[in-house]
Amino acid sequence: MAAVALSLGATASLAAEPLVKVRLGTVAWIGYAPFYVAVAKNLFARYGLKVELQDFPDPATMPAAVRSGGLQGGMYTYDLIITAVAQAQKLRVVLPIDYSNGADAIVAEKSLASIADLKGRKVAYPFSTCDNLLVVFALEKAGLKESDILGIDTTPENVAAALAAGAVAGATYEPNITQILKLGGGGKYKVLLDSSAAPGLITDVLFFDEGFIARNPKAVEGVMRGYLDGLALLRNKPEEARKIVAKYIGVTPEEVKQQQKGVYNIPAAEMMGYFQKRDDSKSLHKVGAGIGDILVHRGQIKATPRIEDTFDPRFVEALAKAP
C-alpha cells in the first residue's frame, strides 16, 4: 500500500508540473496552418509545452523581439534569417515548414498586361521581407531592375492601403491577396505573377534563438513534434482543421481550401533534404545563396553569411531516426 501511495504521489506530482511556455512570432499565412491547429487543439501539451503565437504586422521586427526576450523564436521566410545572421544575430532554422507555390503574388490593376508595364509606376511591397524577392525575380525576368519602378516600402498587410493611395501594383501573400482581389467588387485587380513561377524562392522556416536551443532542446523538439501533429490533423480531419484556420486568418473555410493549393507543407520525410547541399530550390544552401545575392545587391546586408551558420539540423535528424 505504501508503494502504491508513493507511486500515486509521484504521478500526481508529475501531472501538476507546469507547462513550459514558448512564445513564437508569426503572421497570418496559410502555410502555418498546422501551427494554428496545434495551438487551438492544445497538441503541444503532450510535450510539456504551452505554445503562444504572437502576430507581427511587420515581420521584420521579429528578430528584435527575439533579441529582447519577448519571443523565443518564430516562423517566417528564410530571408529573414539570412538578414539577421548577416547582422550577427544568432538565429537558427530548426525546421523547414513550407514553400510558397502561388500563395505569394504581385497583384496589379487589370489594365496592366505584364510585369514590363510596371516600369516607371508605383509598386508597393515590403523592402525588408520576403516579397521583395518575388519583385526582384519578376523584374529581372522582364529585363528590368528595381530602380526602373517607383517602389513604395510597406508591410504585407498594408499593400491594399497603398493600392488605394495610388500604387498600381503590390506584392504580398495570402490571405491579403484574396482580400485585394475582392476590392471594387472583384473587378479592379488581378494576379500579375505568383510564386509558382519560382518554387522554393519563398521558403518558410521555424527558427529559434541559439541560446534558447542550447538551454531548452526538449522544448524545441516538442514544438516540432506538436507542429507535425497539427499537420497530421490537418490532413486527417481537413474540414475541422479548416474551420480553425479560417478563424485564425480571417477568411472562410472554403477560402482556406483554395489558399492551401498555393502552398506546399513539407512532410517529415523531405525535411532533411533542405539542410543538404544540393543544386535545387529544395536546399537551403542553394536558396540561401540566391537570397544572399539579392540582399547584398539591394544593400540590405554587406555579405551573405555562411549558410551552415543559419540552421541547426540536429532536431530534424533526430525526428528522422525516431520510430
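Predicted model: local features only at pLDDT ≥ 70, side-chain atom pairs only at ≥ 80, totals over all residues.
Tutor: Before we start, helices here are DSSP runs of H or I with at least four residues, strands are DSSP runs of E with at least two, and both are numbered from the N terminus.

Student: Is isoleucine 291 buried or exposed?

Tutor: Isoleucine 291 counts as buried because its relative accessibility is 1%. Buried means under 20% relative accessible area, exposed means over 50%, and partly exposed is in between, using a 1.4 Å probe and protein chains only.

Student: And what is isoleucine 291 in contact with, leaving aside neighbours within four places in sequence?

Tutor: Tyr78, Asp79, Ile82, Leu133 and Leu201 are in contact with isoleucine 291, once those neighbours are left aside. Contact means heavy atoms within 4.5 Å.

Student: In what sense do strand 1 and strand 3 pair?

Tutor: Strand 1 (residues 20-26) and strand 3 (residues 73-77) are parallel, with two bridges. Leucine 24 has glycine 73 in strand 3 as its bridge partner.

Student: Okay, rings now. How many aromatic pairs are there?

Tutor: The structure has seven. Rings of Phe, Tyr and Trp (its six-membered ring) pair if their centres lie within 6.5 Å; planes under 30 degrees apart are stacked, over 60 edge-to-face, and the rest tilted.

Student: What about phenylalanine 208 and phenylalanine 212?

Tutor: Those two are stacked, 5.5 Å centre to centre with 15° between the planes. Phenylalanine 208 counts as buried because its relative accessibility is 0%, and phenylalanine 212 counts as buried at 8%.

Student: How far apart in space are phenylalanine 212 and isoleucine 291?

Tutor: They are 26 Å apart, C-alpha to C-alpha, and 79 residues apart in sequence.

Student: Last one: what lies over the face of tyrosine 264?

Tutor: Lysine 282 does, at 5.5 Å from the ring centre. A charge sits over a ring if NZ of Lys or CZ of Arg is within 6 Å of the ring centre and within 35 degrees of the ring normal.

Terms used
Residues numbered from 1 in each chain as written. Heavy atoms only, no water. Pairing = 2+ DSSP bridges.
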